[in-house]
Amino acid sequence: MVTGCSYEVIGDDNRMRKKLIVANWKMNMLRSEAKDYTISLVERLENLPLKVEVVLVPAYTLLDVVYGVIKDTNIQLGAQNVSWQVSGAFTGEISPYMLTDVGCRWAIIGHSERRRILGETDDMVRKKIKSSLDAGLIPIVCVGETLEEREKGKAIEIIREQIETSLRDIKLDDPANLVIAYEPVWAIGTGENPKPNEVEYFYEVIQKIIGTIFGEIASQMRILYGGSVTKEFYITPPDIDGALVGGASLDADSFTKMVQLAGG
Ligand code: PGA
């Protein structure tokens with residue numbers, strides 16, 4: 001059992017999961033830019049044997065324009081947030097069924113920017129995961145410690161709490177239907193990166209935590225790394241299942257390079 005914070009990696013378990021590279025565009029781009037970017041990405045990725053899954057996650061207003069370009073390709077669509085409600089008087093919210101209706105297959109849930117700036121809690125995250133799964137969306141659940149939590153040696157405690165609370169009572173039949181993204185908050189948008197062995201260590205910690213929740217199938221679930229991923233700093237240890245890329249995904253060239261580095 002992993003208890004300390006020595007970043008010692010215990011072992012490789014030969015899991016064979018498809019790599020997943022997710023572009024989180026955050027609150028960037030207008031429709032014409034989104035269309036141009038997506039057309040150029042499709043051209044770049046056209047001749048690549050896609051051994052990786054690629055998901056574009058634009059802002060809500062761009063979903064349909066991006067979907068129009070990718071709908072007959074291997075590239076998939078995701079949303080940056082989702083409501084836990086199905087429909088009704090929830091001004092400003094977007095339900096998971098509205099997202100599947102516009103072509104989404106994925107939803108990022110519990111991103112640290114939403115937790116920190118908009119007060120999203122683990123309980124809200126749990127409800128969003130549940131409603132997304134019910135609607136057939138695959139949640140990408142973000143977890144990670146702040147710098148202060150890290151410095152106080154509380155990283156594991158925080159991650160455990162985030163995962164255990166947000167996955168409480170969540171039923172999962174297929175391990176492909178839920179993804180965890182480990183995103184240390186101090187590494188997001190800062191250009192700071194943990195060392196690859198630290199990423200592997202936290203990967204293993206998260207593996208163990210989800211193992212206690214989902215049992216056997218947890219070993220087939222994918223865990224991504226996110227936080228200042230660039231084509232220069234792409235996490236390549238074989239165990240890491242891919243990346244959630246923010247800033248560097250806004251450039252189609254860099255993003256293509258990351259897909260290639262992941263084996264695409
Ligand atoms: P970043 O963002 O790559 O710009 O650090 C990652 C994220 O917030 O998902």
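Before the first stop, one definition: rings of Phe, Tyr and Trp (its six-membered ring) count as a pair if their centres lie within 6.5 Å. Planes under 30 degrees apart are called stacked, those over 60 edge-to-face, and the rest tilted. Keep in mind, too, that what you're looking at is a predicted model.

**Stop 1: the aromatic rings**

How many aromatic pairs does a search of the whole structure find? The search turns up four. To see one of them, select Tyr 201 and Phe 202: their ring centres are 5.4 Å apart and their planes meet at 85 degrees, so this pair is edge-to-face. Are these two buried or exposed? Tyr 201 is buried, with a relative accessible area of 2%, and Phe 202 is buried as well, at 1%.

**Stop 2: into helix α8**

Ile 206 sits in helix α8, which covers residues 196-214. Ile 206 is buried, with a relative accessibility of 0%.

**Stop 3: over to helix α7**

Next, pick out helix α7, residues 155-166, and find Gln 162 in it. Gln 162 is buried, at 10% relative accessible area. What lies 2.9 Å from a polar atom of the Gln 162 side chain? That's the backbone nitrogen of Gly 144.

Glu 161 is in helix α7 too. At 47% relative accessibility, Glu 161 counts as partly exposed. Select Ile 209 along with Glu 161: they are 48 residues apart along the chain, and their C-alpha atoms are separated by 9.7 Å.

**Stop 4: a lysine over a ring**

Show the side chains of Trp 84 and Lys 127. Lys 127 lies over the face of Trp 84, 4.2 Å from the ring centre.

**Stop 5: the ligand**

Now select the ligand and everything around it. There are 14 surrounding residues, and the closest are Lys 26, His 111, Glu 183, Gly 189 and Ser 228. By type, this shell splits into five nonpolar, seven polar and two charged residues.

Then look at the backbone: an N or O atom of Gly 246 lies 2.9 Å from an oxygen of the ligand, and one of Gly 247 lies 2.8 Å from a ligand oxygen. How much of the ligand does the protein bury? Taken alone the ligand exposes 280 Å², and the protein buries 95% of that.

**Stop 6: two loop residues by the ligand**

Finish with Lys 26 and Ser 228, both listed among the closest residues to the ligand. Lys 26 is in the loop between β1 (19-24) and α1 (31-46). Its phi is near 55 degrees, a positive value in a residue other than glycine. Ser 228 belongs to the loop between β7 (222-226) and β8 (242-245). Phi of Ser 228 is also positive, near 55 degrees, and Ser 228 counts as buried at 16% relative accessibility.

Note on methods:
Residues numbered from 1 in each chain as written. Predicted model: local features only at pLDDT ≥ 70, side-chain atom pairs only at ≥ 80, totals over all residues. Heavy atoms only, no water. Near = heavy atom within 4 Å. Polar contact = N/O pair within 3.5 Å; in protein donor to acceptor, adjacent residues only side chain to side chain. Areas by Shrake-Rupley, 256 points an atom, 1.4 Å probe, with all protein chains shown as cover. Nonpolar A, V, L, I, M, F, W, Y, C, P; charged D, E, K, R; others polar. Buried < 20%, exposed > 50% of the residue type's maximum accessible area, 1.4 Å probe, protein only. Lys NZ or Arg CZ within 6 Å of the ring centre and 35° of its normal. Helix = DSSP H or I, 4+ residues; strand = E, 2+ residues; numbered from the N terminus.
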